[in-house]
Amino acid sequence: MSASPADLIVTGCTVLVHDGDERIAFREDAAIVVREGVIEAVTTAAAAADLPATERIEARGQVAMPGLVNCHTHAPMVALRGLAEDLPTEEWFNDVVWPVESNLTGKDVELGARLACAEMIRGGVTCFADHYFHMDVVADVVTECGMRAHLGEAYFSSQGPRGRERSLEFALGHRGAAGGRITTALAPHAPYTVTDADLTATAELARAHGLPVHLHAAENRDQTDTSLARHGVTPVEVLDRTGLLDTDLLVAHGTGIIERDLPLLARTRGRTAVATAPRGYLKFAWPGTTPVRALRAIGVPVGLATDGAASNNSLDVWESMALTSLIQKSTEGDPRWLTSRQALHHATLQSARAVGLGGSIGTLAPGRRADIILVDLTGPHTRPVHDLAATLVHSARSADVRTTVVDGRVLMRDRELLTLDVPAVVGELDRRLPALIDRSHGRRIQEYDT
Ligand SMILES: [Zn+2]
């Protein structure tokens with residue numbers, strides 16, 4: 001270790017680590033030494049006691065774990081939270097969300113992104129994969145507030161070739177921005193709103209420019225059935241025949257993935273990942289959930305997500321972790337499947353891999369970026385602790401996150417946000433809402449037809 005002061009030392013906490021076989025383990029009375037945004041060492045509190053540091057956080061009674069990753073969201077849609085309730089998917093899109101999104105301005109997106117980042121930092125999310133419009137504005141908000149993000153400018157074929165070109169321009173123009181905290185992807189909306197020709201062109205662009213692709217596919221069983229009836233292929237087979245399975249691909253939801261899709265996904269050797277956002281599936285009363293067990297058996301990483309708050313109502317990845325564990329047990333009829341340690345593996349390494357950052361975040365180890373959250377386990381609802389993994393997944397809540405650090409910078413300390421002004425954002429957003437939610441014009445940005 002260098003003799004000059006470390007930038008940050010977090011000490012006295014229990015640290016969640018991964019062993020050589022990626023099993024979750026806990027190191028007690030430990031310390032994390034951070035220098036230039038990177039974890040330099042995970043050591044004992046005693047060994048770190050005399051090390052000089054510019055900033056020191058005493059974290060006794062807390063667990064340090066890798067920051068959570070929201071692997072699929074539409075952050076600015078927090079502005080529509082609660083606007084389209086108790087509706088089936090088709091009406092949700094056609095009657096509310098897509099008419100309202102035809103009013104969307106860059107300012108709405110900016111305020112929504114600020115509110116979303118505040119919510120995520122408060123809930124221990126340090127990185128999010130965003131798929132939306134006006135993404136240059138979202139990139140500015142990410143740059144300013146200090147989060148890490150994987151961003152893609154969404155497009156439909158109904159926008160003509162310009163949509164696809166803008167997605168490419170955004171991805172090339174912002175990749176590596178904010179000191180490397182921003183990574184980018186091409187972001188076609190879904191196989192049911194983007195033609196095979198556009199998907200094929202997107203796959204070619206991804207390969208030519210070394211870009212990943214982030215899209216919705218096989219979101220639910222209806223989409224798979226409709227695709228089979230109309231085209232004789234499943235949505236995953238569309239991804240295969242358009243070349244997208246030969247790219248680094250992040251698929252949102254996949255609750256409509258069926259048995260015949262599995263060999264195709266297995267062949268991608270982990271280059272295709274799936275993001276699961278179970279709260280929305282329950283709310284839309286979809287008959288199934290992401291087939292996590294089958295995907296794990298063939299080596300597909302499954303990351304945790306919330307989707308947008310217009311369907312999920314929150315950006316709480318902690319809740320996605322607990323729900324994934326519970327729904328997996330229920331749908332598999334097996335209480336031994338998706339243990340708390342497995343849930344934490346999804347929340348850490350698998351989520352990092354899903355957003356293409358498996359080599360730089362997802363575990364607290366020397367050389368990884370210092371994306372760290374501190375979780376307070378002194379509350380009555382988390383005592384006593386017999387099994388720390390179970391306490392984290394099933395007893396702790398996002399509100400127990402006390403401190404959030406990204407790239408070595410403290411973004412929330414003792415629950416106080418340091419880079420975002422929530423009352424100012426909410427005040428300005430509230431004034432804009434009447435214009436944003438007006439549907440009297442009868443327009444919509446797109447038509448939903450599975
Ligand atoms: Zn989505």
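What is the volume of the largest cavity? In this predicted model, the answer comes out at about 300 Å³.

**View 1. Here we look into the largest cavity.** The structure holds three cavities of 30 Å³ or more, and this view picks out the largest, with its volume of about 300 Å³. Its lining is made up of 30 residues. Look for His74, Trp92, Phe93, His216 and Asp307, which lie nearest the centre.

**View 2. Next comes the lining, element by element.** Two or more residues of the lining come from each of α2 (89-101), β7 (125-132), α10 (278-283) and α12 (309-312). Helix α2 gives the most, with six residues. Sorted by class, the lining of the largest cavity has 14 nonpolar residues, 13 polar ones and three charged ones.

**View 3. Now we move to the zinc ion.** Four residues hold on to the zinc ion: His72, His74 and His216, each through NE2, and Asp307 through OD. The coordinating distances run from 2.0 to 2.4 Å. The angles among the four donor atoms go from 82 to 172°, and the site is irregular. Read along the sequence, the donors follow the spacing H-x1-H-x141-H-x90-D.

**View 4. Last, a closer look at two of the zinc donors, His74 and His216.** His74 sits in the loop between β6 (68-73) and α2, while His216 belongs to strand β11 (residues 213-217), so this pair ties together parts that are 142 residues apart in sequence. Are these two residues buried or exposed? Both His74 and His216 are buried.

Note on methods
Residues are numbered from 1 along each chain as its sequence is written. This is a predicted model: local features need pLDDT of at least 70, side-chain atom pairs count only at pLDDT 80 or more; totals for chains, interfaces and linings use all residues. Side-chain values use heavy atoms; hydrogens and water are left out. On a 1 Å grid over the protein atoms alone, a cavity is a set of points where a 1.4 Å probe fits but cannot get out, and a pocket is an open set with protein on both sides within 12 Å along at least five of seven lines; lining residues have an atom within 4 Å of a point. Grid points are joined across faces, edges and corners, and a volume is the space filled by probe spheres set on the points. Helices (H or I, at least four residues) and strands (E, at least two) are DSSP runs, numbered from the N terminus. Ala, Val, Leu, Ile, Met, Phe, Trp, Tyr, Cys and Pro count as nonpolar, Asp, Glu, Lys and Arg as charged, and the others, Gly among them, as polar. Donors are N, O and S atoms within 2.8 Å of the metal (3.2 Å for Na, K and Ca); water is not among the atoms, so sites may look incomplete. Four donors count as tetrahedral if all angles lie between 85 and 135 degrees; four count as square planar and six as octahedral if opposite donors are over 155 degrees apart and all others between 65 and 115; anything else is irregular. Buried means under 20% relative accessible area, exposed over 50%, partly exposed in between (1.4 Å probe, protein chains only).
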